[in-house]
Each structure stands twice: as structure tokens, then as C-alpha cells.
Amino acid sequence: MGSLVQKSALLLCGDYMEAYETLVPLYILQSFGVSVHCVSPNRNSGDRCVMAAHDFTGLELYTELVVDQLTLTASFDDVTPDNYDAIIIPGGRFTEILSADERCVDLVARFAELKKLIFTSCHSQVMLMAAGALAGGVKCTAFESMKPLIEFSGGEWWQQPGIQNMFEITDCVKDGNVVSMVGWPTLGHGVRVLLESLGGQVSSLKENQASVLFLIGDNSIFVGVVLDLKDYVEDYGINVPFRALQALGCKVDAVTPNKKKGEMCATLVYDLEEARQLPAEKRGHNFLVTACWDDVCVDDYDCVVVPGGRSPELLVMNPKAVALVKKFDEKDKVFAAIGQGKLLLAATGVLKGKRCASGKGMKVMVKVAGGEAVVSKGCVTDGKLVTAASASDLPAFLSGLSTALGVSVMF
């Protein structure tokens, strides 16, 4: 999936940046060969920034949950805007501090002056205000609390018509070189606009759009048991490929055996803290189920994806989930799994005789299922099977999965 032209983007970071709005564009761009430098003021390459998940948990306003950290890949003082095609600024409280930092404001203003792409989300539009990039009636959207500030800054507020709540919003808005989104629910369309704005051309070998089904678990099979993080699907393992495939024009659904369309599944994030042998499990975003289990027809999909986390342990104990995977196998569909997601494929015989990307924790499971564990690569494709060792291997996984589906992005 090589590109004719090397593209590059700058990702402006800071503590408590929204994890989803950071990693989705980062991993997707990397998967298609775009060079992305992650920087933060007063920090150098190798330093880390704390990320947070912003989601609604039953209160009137969203809740901030500290999840994990992102390692910076370049030093802020070495940045030259002329060397990049775009700057990406995720949402999060860090933008309040950066909007008062003259170096950061000047950086954004320089991108605006050069007419280079500025990609913003949720609350990071405050950087556009500080840099004077909205003057003259630039159309802009954001989290709704930002509306008066956008208008005070000379911008024109834009909102998708006919929307009743934030989770119904699917569109972003682009005006000139400025792309703005209300937040992570619109990342599917937002990343598509980002790719196209960078000159990317999405193409498919199939006449019709590829269709992908994600299988996730929840703990509702244990009636009366309090929610436990151990039951959750891995946050980035479901959210990143789901939004990536949306951006590529695929039909994408996510189902779980015991929940209906519109209901939520909780997720977890693995955070490898210092001096720990294993990562800590932390609550991540909620994930919206998009279809009912009983409505799934295998013939409607080209591929089934099983993300990692704890949910595969529940799925492998559910006869309906095992039977559905076997139907995909009988139809010779594409299979994909991340981390512990290989457990469900192992139980159905899909891994037998196949090479699989595997971390140490899954090595024995792959072996006893008749597969060959490959620990030297983060992602492995063997025929119609695409596997990744962990969520940190998502750029390679997205590249492998899109290839298996016949979808490509060229710059």
C-alpha cells in the first residue's frame, strides 16, 4: 500500500488530550504511510503525555477518565511548519493551556498563513480562535459549549441539521484549510476528509463496498453480577479499526450476543505503568452496538473482526458466538483478530495451520489451537487471516486488513 508522494503531519499533544481523538487519526495515517510527528511544548522526543477518555456516564456532562500515555516522537523546538502538510489538534483540556502559549499559537497561525490543513476536534478549536484563524466567517463546529466563542472570534457556527443528540452526529465541516469536528463520534467521516484533504485517493478492488462485522462481548450473560473491567472489549482495538473502515467507505457493524442496537458496551484500556510486568486495566470509552445479533446474515459481510480485551472470554463461552464464527469459516470469509481476540478464532478451528501474530500471553493458546505463534512481528497475514499481537500494532493491522479487503489509499 505504498504512496507516490510522502505526506507528513504534526500532532500537537498535551496532558489530558482525548485519547480517541488522538490515536484514531494517528494510527490511520501511519497505516497508510503518512509520517506523523507527535510533539508537546517543553517536552522532547521520548517524553510522554497523559491521555484521557471523555464520555457520557449517566451525568449531564461528559466524564474524564485517565487512561494511558502517548510517547512523543519529536521535540517541539525542532518543529518547522513548512515541513508538514497538516497539523492535527485533538480535543482535551490541554488546549486551554496551549492557547495561552505564544509558541503554540504562533505555530497554528503559521499553518493558517501557509494555507496548510488544520484538523481540530471538540474543544481544540480554541487554538483556531487564539491564532485568529476563524476571522472572516470561517465555518466551524465544535462541542456546543464553544459556539459563542467561535462566533465572537469571527467564525460562522455550523451544526449538522436534524440532530437530537451528540451520538447522532456523523459529519464534520471543512472550510478552506480548516477541518472541525464536534468530537470523536464523527471520526469516521472526519478521517475520510483528512485523508482526502491530504490528497489521498481511496479505491477498492470490489465493485461493492466491503462489509465488516465486529464481534464484541459484554457481561450481561452473568445476570446480577456487578460490571467488572475484566469483561470489557479493548477500547482502541474496537474503536480505531471501526472508524478507520468507516473512513475507507466500508459498511461496518458491531454486535454482541446479549445487547440490542443502540445499547452500550463498556471498554477497557491497557496502560503499561513503570515497574509493572503487565499493563493495568482502566475503563475506556463506551461503545455503541450498531446492529442486533439476530439480524446478522453472514452473506452480508466480507469479514469478521474480533478485538481483544476480556470480551473474547465471554464470547468463547457463548454458543451463539461460536456458531456465528463457524458460519463465517464455512463461507470462506476474511478473519481478523487483535490480542486476545484470537481466543474465539482458536475455539472454532480457524487458527489451525495458520501463522498468527502473538504476544507472550497468547503464545500457548495459538500453539494448542494448531497455529504457529509469530512473536517477531506485530501483524501477520496468512491467507484470509489477519492478526495483530496488541493494540499498539494497529497501524500495521489496519494496513493488513484493508489489503485483505481490497481497499487502498494512495497519495
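This is a predicted model: local features need pLDDT of at least 70, side-chain atom pairs count only at pLDDT 80 or more; totals for chains, interfaces and linings use all residues.
Residues are numbered from 1 along each chain as its sequence is written, and side-chain values use heavy atoms, with hydrogens and water left out.

**Stop 1: H6**

Now select helix H6, residues 187–197. Helices (H or I, at least four residues) and strands (E, at least two) are DSSP runs, numbered from the N terminus. Colour Leu187, Gly188, Gly190, Val191, Val193, Leu194 and Leu195 of H6: they are buried, meaning under 20% relative accessible area with a 1.4 Å probe, protein chains only. Their cover includes H1, H7 (235–247) and the strands E6 (86–89), E7 (117–121), E10 (173–175) and E11 (178–181).

**Stop 2: H1 against H6**

The axes of H1 and H6 (lines fitted to C-alpha atoms over the stretch in contact, with angles from 0 to 180 degrees between N-to-C directions) come within 11 Å and cross at roughly 45 degrees. Show side chains to find the contact (heavy atoms within 4.5 Å): H1 brings Tyr20, Glu21, Val24, Pro25, Ile28 and Leu29, while H6 brings Leu187, Val191, Leu194 and Leu195.

**Stop 3: the cores**

Go to Leu29, Leu70, Ile87, Phe214, Tyr236, Leu245 and Phe397, which have the most contacts inside the largest nonpolar core, a set of 105 residues. Such a core joins buried Ala, Val, Leu, Ile, Met, Phe, Trp, Tyr and Cys through side-chain atoms within 4.5 Å. Helix H1 (residues 19–31) gives the largest share, 8 residues. Centre on Phe214, and among the residues it touches you will find Ile238, Phe242, Leu245, Val305 and Pro307, leaving aside residues up to four places away in sequence. A second, separate core has 29 residues, including Leu213, Tyr301, Leu344 and Ala346.

**Stop 4: Ser180**

Finish in strand E11, at Ser180. Is Ser180 buried or exposed? Its relative accessibility is 0%, so Ser180 counts as buried. Among the residues Ser180 touches are Thr120, Gln125, Lys139 and Cys172, not counting residues up to four places away in sequence. Pick Trp158 too: its C-alpha atom is 9.6 Å from that of Ser180, with the two 22 residues apart along the chain.

Technical notes
Buried means under 20% relative accessible area, exposed over 50%, partly exposed in between (1.4 Å probe, protein chains only).
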